[in-house]
Amino acid sequence: MSVSELLDTLQSDQQRLLDDLIQWLRIPSVSSDSRHIDDTQKACQWIADKLSGAGLSVEILPTEGHPMVLAETPPVPGAPTVVVYGHYDVQPAEPLNQWTTPPFEPEVRDGNLYARGATDDKGQLLTHVQSVCRWLETGRPLPLQIKFLIEGEEEIGSANLERLLPELRERLACDCVVISDSSQYADGQPAITYGLRGIATYELQVDGPSQDLHSGSFGGAVMNPAIALTQMLSSLIDSEGRIQIPGYYDDVRDLTDTERRQWQDLPQDDDAFAKAIGVDELAGELGFSTNERRWARPTFDINGLTSGHQGEGGKTIIPATASAKFSFRLVPDQDPEKVTAGLRKHLDQHTPTGVRWSLKCGHGAVGMLANTDSPFMKAASDAIEQAFGVSPVLIREGGSIPIVTRFQEVLGCDCLLLGWGLSDDNAHSPNEKFRVDDYFRGIQASAILWDEIGKLNANT
């Protein structure tokens with residue numbers, strides 16, 4: 001069977017392909033919630049069974065947290081080896097009252113499949129699983145070796161995979177890692193992502209009096225921890241969007257002139273973008289375009305604030321404590337540990353008298369850039385153009401996939417970040433979705449990609 005015949009088979013088998021995704025999405029595999037431990041195990045077993053049923057060699061590898069799936073097809077002498085990476089864990093679905101339909105009861109509406117994990121990352125990952133499984137069903141051997149590495153902790157930082165990766169170096173030896181956990185540039189404009197931002201996350205707690213105090217009896221004589229916290233957070237960024245941590249910009253890599261020109265040529269309507277996300281106008285670091293701010297500049301964001309009375313009605317107190325969760329998105333060459341050191345120094349210098357602070361460091365990762373001149377990039381571009389009917393553009397992504405840089409370091413391989421989703425798919429938000437046609441096009445592009453990479457020599 002030729003690749004074109006395989007594509008015809010995929011076209012006629014769409015309902016079966018969709019039913020598989022719906023079945024997997026019903027499993028609430030929330031990795032951050034201990035109440036879903038059995039569900040993460042179930043989601044792991046589901047994808048392992050899917051791969052083993054197609055004839056792949058499969059192993060479920062235990063970790064100190066959620067297990068990983070390792071699977072592979074037979075080696076093909078002289079041909080490249082590709083690792084497909086993805087994750088079966090999903091974000092929490094809260095707030096539940098903002099979902100039109102329950103997050104783990106998938107529903108197709110207006111051409112979109114709505115469910116938690118639809119685009120991040122079960123739906124996008126399954127495109128590659130489906131292409132390999134359907135290819136093997138034809139009885140025609142794959143023109144290359146494909147290995148799957150599917151973890152259950154990406155949404156909580158991939159700590160166990162990062163720890164185990166050096167031990168898995170030989171088993172995962174490859175020429176290229178393929179990841180679909182991002183998005184197209186715009187509706188009808190597919191993209192290949194060649195850069196990701198890194199991340200550093202924190203929780204800051206500010207403590208004052210030993211207990212909540214009456215704001216009338218003590219107000220004006222005691223520093224309010226909530227006020228102190230907001231002052232400390234405000235000191236981290238100025239009115240022009242510049243972060244005030246000492247040395248924060250020392251290692252920021254500037255955009256090349258070529259990148260700036262390429263991004264300027266991309267269609268970008270700031271007013272439409274603002275309207276789509278529900279704000280009156282955009283904001284950010286002065287002197288940079290919207291795409292430059294989103295993809296290639298470091299940022300600071302407060303992710304959550306907690307202090308004082310949160311129940312119904314008023315309670316006039318000076319709270320004993322206040323806390324905030326916040327994060328920095330980092331660009332290539334910035335070091336999370338260096339950022340942490342600068343952050344501690346800054347907080348020491350900007351803490352109001354009468355309160356104490358403590359800082360918990362969460363997960364951190366450096367940014368990455370892929371080789372845009374590699375033959376794998378050309379193969380991916382050709383595959384996407386054939387499946388989507390449009391040549392992809394090269395973009396960066398503002399989000400973080402912490403393990404990607406480690407793949408480059410430990411495996412010494414190229415990385416392809418091929419996003420089938422859309423920017424309005426609501427990843428991490430209520431009403432997450434994945435357009436059904438893009439799911440099918442992703443499967444087709446994946447099948448063509450294996451054929452295109454199979455034409456290359458090993459160790460290209």
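Reader: Which residues of H2 are buried?
Author: Bear in mind that this is a predicted model. In H2 the buried ones are Leu17, Leu18, Asp20, Leu21, Ile22, Trp24 and Leu25.

Reader: And what covers the buried residues of H2?
Author: The cover includes the helices H1 (3-12), H3 (37-53), H4 (122-137) and H14 (436-454). Strands E4 (107-109) and E5 (112-114) are also part of that cover.

Reader: How far does H2 reach from its first C-alpha to its last?
Author: H2 runs over residues 14-25, so 12 residues, and reaches 17 Å, close to the 16 Å expected at 1.5 Å a residue.

Reader: You mentioned H14. How many of its residues are buried?
Author: 16 of the 19 residues of H14 are buried, so this helix is largely enclosed by the rest of the structure. End to end, C-alpha to C-alpha, H14 reaches 28 Å, close to the expected 27 Å.

Reader: OK, switching to holes. How many cavities of 30 Å³ or more are there?
Author: The structure holds 2 of them.

Reader: What lines the second largest cavity?
Author: Its lining is made of Leu10, Gln11, Gln14, Leu17, Phe440, Ile443 and Gln444. H1, H2 and H14 are the elements that give two or more residues to that lining, and H14 gives the most, with 3 residues. Leu17 is a lining residue here and is also among the buried residues of H2.

Reader: How does that lining divide into nonpolar, polar and charged?
Author: 4 nonpolar, 3 polar and no charged residues. For the largest cavity, the lining divides into 3 nonpolar, 2 polar and 3 charged.

Reader: Which residues line the largest cavity, then?
Author: Pro246, Gly247, Tyr248, Asp251, Gln334, Asp335, Lys338 and Val339.

Reader: Now some single residues. Is Arg396 buried or exposed?
Author: Arg396 is buried, because its relative accessible area is 3%, under the 20% cut-off. Arg396 sits in strand E16 (residues 393-397).

Reader: So what does the side chain of Arg396 pair with?
Author: Glu259: a polar contact of 2.9 Å joins the two side chains. Leaving aside neighbours within four places in sequence, Arg396 is also in contact with residues including Trp263, Trp295, Tyr194 and Leu369.

Reader: And Glu154, where is that?
Author: Glu154 is in the loop between strand E6 (145-151) and helix H5 (159-164). Glu154 counts as buried because its relative accessible area is 8%. Its side chain makes a polar contact of 3.3 Å with that of His87.

Reader: What else is Glu154 in contact with?
Author: Beyond its neighbours within four places in sequence, the list has Tyr85, His87, Asp89, Asp181, Ser400, Ile401 and Pro402.

Reader: Let's look at Val404. Which helix does Val404 lie in?
Author: H13, residues 403-411. Val404 is buried, with a relative accessible area of 0%. Not counting residues up to four places away in sequence, Val404 touches Ile179, Leu196, Met368, Cys415 and Leu417.

Reader: Backbone next. Where are there cis peptide bonds?
Author: One joins Glu94 and Pro95, with omega about 0°. Another joins Asp120 and Asp121, again with omega about 0°. Pro95 is in the loop between strand E3 (81-87) and E4, while Asp121 lies in the loop between E5 and H4.

Reader: Which residues other than glycine have a positive phi?
Author: Asn426 is one, with phi near 65°, and Asn431 is another, at about 60°. Asn426 is in the loop between strand E17 (414-419) and strand E18 (433-435), and Asn431 is in the loop between E17 and E18 too.

Reader: Are those two asparagines buried or partly exposed?
Author: Asn426 is partly exposed, with a relative accessible area of 30%. Asn431 counts as buried because its relative accessibility is 16%, and the cut-off for buried is under 20%.

How values were computed
Residues numbered from 1 in each chain as written. Predicted model: local features only at pLDDT ≥ 70, side-chain atom pairs only at ≥ 80, totals over all residues. Heavy atoms only, no water. Helix = DSSP H or I, 4+ residues; strand = E, 2+ residues; numbered from the N terminus. Buried < 20%, exposed > 50% of the residue type's maximum accessible area, 1.4 Å probe, protein only. Contact = heavy atoms within 4.5 Å. Polar contact = N/O pair within 3.5 Å; in protein donor to acceptor, adjacent residues only side chain to side chain. 1 Å grid on protein atoms, 1.4 Å probe; cavity = no way out; pocket = protein on both sides within 12 Å on 5 of 7 lines; lining within 4 Å. Points joined across faces, edges and corners; volume = space filled by probe spheres on them. Nonpolar A, V, L, I, M, F, W, Y, C, P; charged D, E, K, R; others polar.
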